[in-house]
Amino acid sequence: MKQAFSDVLVDRILQFAQKCAASLRAGGKIVFFGNGGSTADALHLAAELVVKLHDDRRALPGLALTANPSVLTAAGNDYGFEQIFARQIEALVSAQDVIVALSTSGNSPNVMRGVEAGRARGAFVVAFTGETGGALASKVDLLLNVPSRDAQRIQEAHITIGHIACSLVEQLALS
């Protein structure tokens, strides 16, 4: 399935990496969020930026909104599960940032609310999704939709796309 990445998707991955690098050079950060397996991917990709993917280098500002269970449970309790990402984005995201929503279906209500909050803050909004992009497809600045409807294959491709992009970001942001 990874071999089925179209030239369009490859071009979008490069565009994503370039936008992230420009954001980082301007003092912004990259903010990841998603549910279930996408939560793990959000944590993983943020770590690749903060720590390193390849060579020793300065830390790059990456953040996963799924890393703080106190914030997640308080926001869920006080505002509803649909607001767990939006509330954090309202507090942490600014216009020079890139937010990355991960959703295999593209239809998760809390991910949608996070995207809406990111747009309201003026951030550049990216979504990693499955084939159709779901409801997120029309709400983001850049859609990285994997050509599959199988959640396992989509998640595998998301981490591949993330690794490619992080590698490019390392090169572009530090050059």
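Trainee: Which residues of β4 lie on one side and which on the other, and are they buried or exposed?

Mentor: Keep in mind that this is a predicted model. On one side of β4 you have Phe124, Val126 and Phe128, and on the other Val125, Ala127 and Thr129; all are buried, and both faces are covered. That makes six of six residues buried, so β4 is mostly covered.

Trainee: Why does the list skip every second residue?

Mentor: Because side chains in a regular strand alternate between the two faces of the sheet.

Trainee: OK, and what sheet does β4 sit in? What's the strand order?

Mentor: The order is β2-β1-β3-β4-β5, an open sheet of five strands with parallel pairing. β2 and β5 stand at the edges with a single partner strand each, so one side of each has no neighbour in the sheet. From one strand to the next, the twist averages 20°.

Trainee: How many bridges join β4 to β3, and how many to β5?

Mentor: β3 and β4 run parallel and are joined by five bridges; one to look up is Ala101, whose bridge partner in β4 is Ala127. β4 and β5 pair over four bridges, also in the parallel sense. There, Val126 has Leu142 of β5 as its bridge partner.

Trainee: What handedness does the β3, α5, β4 unit have?

Mentor: β3, α5 and β4 form a right-handed β-α-β unit. The crossover that takes the chain from β1 through α2 to β2 is right-handed.

Trainee: Tell me about β1, then. How many of its residues are buried?

Mentor: Five of the five, so β1 is largely enclosed by the rest of the structure. Ile30, Phe32 and Gly34 point one way, while Val31 and Phe33 point the other way.

Trainee: What does β1 pair with?

Mentor: β1 pairs in the parallel sense with β2 (residues 62-64), over three bridges, and with β3, over five bridges. Ile30 has Gly62 as its bridge partner in β2, and Phe33 has Ala101 as its partner in β3.

Trainee: Switching topic: which residues touch the most other members of the largest nonpolar core?

Mentor: Phe16, Phe32, Val100, Val126 and Phe128, out of 32 residues in that core. α1, β1, α2, β3, β4, β5 and α6 each supply at least two residues. α6 (151-173) gives the most, with eight residues.

Trainee: What does Val100 touch, leaving out residues up to four places away in sequence?

Mentor: Val100 touches Phe16, Ile30, Val31, Phe32, Phe33, Val126 and Phe128. There's another core apart from the largest one, with 22 residues, among them Ile84, Ala86, Ile99 and Ala117.

Trainee: Phe keeps coming up. How many aromatic pairs are there?

Mentor: Two aromatic pairs. Phe16 and Phe128 make an edge-to-face pair, 5.6 Å centre to centre with 80° between the planes. Phe16 is in helix α1 and Phe128 in strand β4, so that pair ties together parts 112 residues apart in sequence. Both Phe16 and Phe128 are buried.

Trainee: And how are the rings of Phe33 and Phe85 arranged?

Mentor: Their centres are 5.1 Å apart and their planes are at 45°, so the pair of Phe33 and Phe85 is tilted. Phe33 sits in strand β1 and Phe85 in helix α4 (residues 84-92), so this pair ties together parts 52 residues apart in sequence. Phe33 and Phe85 are buried.

Trainee: Last one. Where does Arg121 lie, and what is Arg121 in contact with beyond its neighbours within four places in sequence?

Mentor: Arg121 lies in helix α5 (residues 109-121). Leaving those neighbours aside, Arg121 is in contact with Ile89, Glu90, Val93, Ser94 and Ala95. The C-alpha atoms of Arg121 and Ala95 are separated by 5.8 Å, though the two residues are 26 residues apart along the chain.

Trainee: What's the relative accessible area of Arg121?

Mentor: It's 38%, so Arg121 counts as partly exposed; the buried class is under 20% and the exposed class over 50%.

Terms used. Residues numbered from 1 in each chain as written. Predicted model: local features only at pLDDT ≥ 70, side-chain atom pairs only at ≥ 80, totals over all residues. Heavy atoms only, no water. Core = buried A, V, L, I, M, F, W, Y, C linked by side-chain atoms within 4.5 Å. Buried < 20%, exposed > 50% of the residue type's maximum accessible area, 1.4 Å probe, protein only. Contact = heavy atoms within 4.5 Å. Pairing = 2+ DSSP bridges. Right-handed = clockwise from strand over helix to strand, strands pointing away. Phe/Tyr/Trp six-rings, centres within 6.5 Å; stacked < 30°, edge-to-face > 60°. Axes fitted to C-alpha atoms, helices over the stretch in contact; angles between N-to-C directions.
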